[in-house]
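Thanks for making time this morning. I would like to talk through a few local details of one model, so please have the sequence and the structure open as I go.

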Amino acid sequence: MAVALKRSTFLGLAGAALFGGRAAAQSVAGNRMNQRKIPSSGEMLPVVGCGTWRTFDVGGKSADRAPLAEVLKVMFDSGGSVIDSSPMYGAAEGVVGDLLAAAGTRDKAFIATKVWTSGRDNGIAQMKKSMALLKTDRLDLMQIHNLVDWRVHLPTLRAWKTEGRIRYLGVTHYTQSAHEELEAVLRAEKWDFVQINYALDDRAVERRLLPAAAERGTAVIVNQPFGGGGLLRKLSGRKLPAWAAEIGCTSWAQILLKFVLANAALLKRMVAEVGA
Ligand SMILES: NC(=O)c1ccc[n+]([C@@H]2O[C@H](COP(=O)([O-])OP(=O)(O)OC[C@H]3O[C@@H](n4cnc5c(N)ncnc54)[C@H](OP(=O)(O)O)[C@@H]3O)[C@@H](O)[C@H]2O)c1
């Protein structure tokens, strides 16, 4: 595995990351979460959030849902708020909506979901359904999933933002083959957020996308910080590096999150912002 494990790689802080449900309970409990500024508004957002792909696609059984309710509780108790979903994720949006309603925690959540269909009317119908499933009349972030029909959806998202139905708009992708197009889209239009794949063994975004996002004042959400789980599985048999404790890490999951939060381009921007 081509993974360089230098202590210096992990120092510094910037960015925002999403992780699968299991890691939430293990990696953030007990620590108050750092926050970063959303460039387009100045609003502060906790740096680690909860993804819902596969993990929240469960049925109605309480045995399936109780651990997910606990994940959200741990996240909120740790100062986190971001939940990322999509109509592509099976039952996930509905499960998130039910769990937030049952716990009375909608106001603590920054709910991000996506539009993942072609055509203006289909997009509008899908976004309305997402709002119903998530039991909210105002979504925090609506993202165009994997660039699907983005030119058609963007005017709707802009109108919905003006009307207050969504607070921020963004665009996502999950694979290196789309990075060139994503960069062009990032430079052509104004986006509040871009969501991209970034992990210790998947660093292509460092070349052009992260610098482009910083130039454009676009907040970055990182997906697949554990390589979709595969990177964590590969590392699971390896001993933690001796310096892990020095950076406050007791697991590989924590080290991998620390890595995506330490990108140099974003760190430079953050330093410039605070005038240091
Ligand atoms: N195009 C897009 O917009 C896009 C694409 C991908 C992801 N996303 C978003 O980003 C989120 C995160 O991405 P992801 O879930 O694909 O990948 P990921 O966060 O890199 O990996 C999550 C997986 O890692 C494993 N895992 C988590 N914590 C662990 C731990 N402590 N120990 C061992 N294994 C652990 C689990 O897999 P196992 O159960 O298999 O071990 C889990 O499903 C998604 O939920 C989704 O919200 C968006």
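This is a predicted model: local features need pLDDT of at least 70, side-chain atom pairs count only at pLDDT 80 or more; totals for chains, interfaces and linings use all residues.

Let me begin with Asp149, which counts as partly exposed because it has 17 C-beta neighbours inside 10 Å; on this scale a residue is buried if 20 or more other C-beta atoms lie within 10 Å of its own, exposed if 12 or fewer, and partly exposed in between, with C-beta atoms placed from the backbone. Residues are numbered from 1 along each chain as its sequence is written.

Asp149 sits in the loop between E7 and H5, where helices (H or I, at least four residues) and strands (E, at least two) are DSSP runs, numbered from the N terminus. Its phi is near 50°, a positive value in a residue other than glycine. As background, most residues other than glycine have a negative phi. Lys135 likewise has a positive phi, of about 55°, although it is not a glycine, and it is found in the loop between H4 and strand E7 (139-144). With 15 C-beta neighbours inside 10 Å, Lys135 is therefore also classed as partly exposed.

Now to the helices around those loops. How do the axes of H4 and H5 cross? The axes of H4 (residues 120-133) and H5 (residues 150-163) come within 9 Å and cross at roughly 50°, where axes are lines fitted to C-alpha atoms, for helices over the stretch in contact, and angles run from 0 to 180 degrees between N-to-C directions. H4 and H5 are therefore oblique to each other, given that angles under 35 degrees count as roughly parallel, over 145 as roughly antiparallel, 65 to 115 as roughly perpendicular and the rest as oblique. Their contact is made by Arg120, Gly123 and Ile124 of H4 together with Val152, His153 and Thr156 of H5, two residues being in contact if their C-beta atoms, placed from the backbone, lie within 7 Å.

The other pair is H2 (residues 62-77) and H3 (residues 92-103), whose axes come within 10 Å and cross at roughly 65°, so H2 and H3 are roughly perpendicular to each other. On the H2 side the contact is made by Arg65, Leu68, Ala69, Leu72 and Lys73, and on the H3 side by Val95, Leu99 and Ala103.
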